[in-house]
Amino acid sequence: MPLDAICLQAVVQEITPQLLGARIEKIHQPTRDQVVLLLRGGKRLLLSASANQPRLHLTGLTRDNPSQPPMFCMLLRKHLAGGRIAAVRQTELERVVELEIQALDELGEQSSFRLILEAMGRHSNLILCGKEGHIIDCMRRVDMEMSQQRQVLPGLFYRLPPQQEKLSPLAVEREEFLRLLQDCGERTLDRWLLDTFTALPPLMARELVYRACGSTDARWTEETMEPLWDTFFLWQNAVKENNFIPVALKRDGKYSDFTYSPIFQYEEYVVNETAESFSALLDDFYEGREQAERVRQKGQDLLKTATSARDRLRRKLTMQEKEYLQTQNREQHRIHGELITANLYRMERGERKLTAENYYEEGCPTVEIPLDPRLTPQQNAARYFKQYTKAKTAEKILTEQLEKGRVELTYLESVLQELQLAESEQDFNDIRAELTDGGYLRQQRSSKKGGFQRASRPREFRSSAGLRILVGRNNRQNDRLTGKEAWKSDIWLHTQKIHGSHVILFTEGMEPDEQSLYEAAMLAAWYSQGREGSKVPVDYTPVKFVKKPAGSKPGMVVYTTYQTMLVDPDEALIKALAVK
């Protein structure tokens, strides 16, 4: 669920003791809507103004930063770097959190700045205000055209977002609650709760009704009034006393939701799993979603280019396959030409068809051959022979083109798979360079020198027996990994007949144990199109049996003398094998 006001309150209550007095050493902006404050002691505070996943918490994940810091990041560094967090405040029952930071101003004097996160879905924003309350700048500027009610622009005084015209669930008393409940009408009780009280998310409204009535779609009756109030009162006291539990909801072992209290409405279909902290819970919950968001933001143009090229190639292959099928009827053209030649003595110019015996078939059945009345009999025969020769030549050319097209289609689909698994800006830069060299993208001309980018390295893991395992991040890296870095005695692994990364199990000259081999095969399945499947077939063979054909596309190899293993990808085991 989105981070509602009360869940945000739970996060703020948890992290405030760790933030107060902390010195801001560095400021990064890994994506256009995320800012990370690096605090003394190694803590990282994430402030995300993403429309899909706005939040604030301490994070243990490291994020790659762009080579050129965005302007908003440079502004935050100018005003806040070296400052200390003096206070953390949340507007009551609102998704607005304010960090008060004491730092030096432009004159070198101690000053107070406010960094305000508005975690409100598509209206999310991160705003820097000066000591007088005026806006210095913000992540998203909101002018009159975007909003008539509230503008967020540099130089204006900061105002809180307009509040909903609903009651506070923490201030209502029993008598008022029961009186309001009598106006429920035909609405379900959870709908009434949502319509009446602010800061109450749908998940928790349904849960309160379920705990009180045993069903999430219960409606108002005299018998439901007191049980609903009793349940609501217990929840109200828990929120007032900051009695929160970080709970992850998992369905089939995968995250489906999170909240601040155990959820029972799904019964045995969803498992409640308690996390060690809200920060750890949010890190785990959003890790996969962040990767998908990075692909959408940073790789959007690459994804569009590769997808367009793939779709265009698919259409071309479809047309060529139709043409190829047409060439398979060429023998009919030759036979018609032969029959016309054999019956020239019977024909005259201007005829529209020739009826003759087909001596190429058993029984010599009669066949009608269409003729062009504008041509002589000899010219009609020549026309059929020409069509036969043309179809024969077309078959040869189309066979070659179809083979090349299918290889190129396989390559483009592998690039799309790489984009889905890309994790850092360098991954996207590598894929961009690959597509540029392949002629799918134009060479960018810029007078500005690009910022420093560290050399891209494969993903590294260690098996339970201590053997090193490397997983390629893109096609070029797959080629280097298999052709240059691996020894001939090392084990090469790849998913069978589906796109995925090259995986190398470094054996150090010894026979690898079965567990290490299985773990390497699981990595091959995880970093492939078979990630969500079960019993994924993975081929493995010594590197000496893997060859790269001359002139082939990046990442393309052929291999022989291999064995196949069926594996079930396990995310928890993958994380345990990763080298930090």
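Q: Which residues of helix α4 are buried?
A: Keep one thing in mind: this is a predicted model. A residue counts as buried when its relative accessible area is under 20%. In α4, that applies to Leu189, Asp190, Trp192, Leu193, Leu194 and Thr196.

Q: What does that say about helix α4 as a whole?
A: Compare the buried residues with the length of the helix. Helix α4 spans residues 189-196, and six of its eight residues are buried, so the rest of the structure largely encloses this helix.

Q: What covers the buried residues of α4?
A: Look for the elements in contact with them. The cover includes three helices: α3 (174-181), α5 (202-213) and α6 (222-240).

Q: Is histidine 502 buried or exposed?
A: Use the cut-off again. Buried means under 20%. Histidine 502 has a relative accessible area of 2%, so this residue is buried. Its place in the chain is the loop between β17 (491-495) and β18 (503-505).

Q: Which residues is histidine 502 in contact with, leaving aside its neighbours within four places in sequence?
A: Among them are Leu470, Val471, Gly472, Asn478, Leu481 and Thr482. Trp492, Leu493, His494, Gly555 and Val557 are also in contact with histidine 502. With tryptophan 492 there is a side-chain polar contact of 3.3 Å.

Q: Where is glutamate 368 found?
A: Glutamate 368 sits in strand β14, which covers residues 366-370. Set aside the neighbours within four places in sequence, and glutamate 368 is in contact with Lys353, Leu354 and Thr355. The side chains of glutamate 368 and lysine 353 are joined by a polar contact of 3.4 Å.

Q: How many residues separate glutamate 368 and alanine 81 in sequence?
A: Check sequence and space separately. The two are 287 residues apart in sequence. In space, their C-alpha atoms are 90 Å apart.

Q: At what angle do helices α10 and α11 pack?
A: Compare the directions of the two axes. Helix α10 (residues 377-421) and helix α11 (residues 425-437) pack at about 160°, and their axes are 10 Å apart. Angles over 145 degrees count as roughly antiparallel. Therefore α10 and α11 are roughly antiparallel to each other. The crossing of α10 past α11 is left-handed.

Q: Which residues meet where α10 packs on α11?
A: List each side in turn. From α10 come Tyr411, Val415, Glu418 and Leu419. From α11 come Phe428, Ile431, Glu434 and Leu435. The residues of this contact divide into six nonpolar, two charged and no polar.

Conventions. Residues are numbered from 1 along each chain as its sequence is written. This is a predicted model: local features need pLDDT of at least 70, side-chain atom pairs count only at pLDDT 80 or more; totals for chains, interfaces and linings use all residues. Side-chain values use heavy atoms; hydrogens and water are left out. Axes are lines fitted to C-alpha atoms, for helices over the stretch in contact, and angles run from 0 to 180 degrees between N-to-C directions. Helices (H or I, at least four residues) and strands (E, at least two) are DSSP runs, numbered from the N terminus. Angles under 35 degrees count as roughly parallel, over 145 as roughly antiparallel, 65 to 115 as roughly perpendicular and the rest as oblique. A crossing is left-handed if the near helix is turned anticlockwise from the far one by less than a right angle, and right-handed if clockwise. Contact means heavy atoms within 4.5 Å. Ala, Val, Leu, Ile, Met, Phe, Trp, Tyr, Cys and Pro count as nonpolar, Asp, Glu, Lys and Arg as charged, and the others, Gly among them, as polar. A polar contact is a pair of N or O atoms within 3.5 Å; within protein, one must be able to donate a hydrogen and the other to accept it, and residues adjacent in sequence count only if both atoms are side-chain atoms. Buried means under 20% relative accessible area, exposed over 50%, partly exposed in between (1.4 Å probe, protein chains only).
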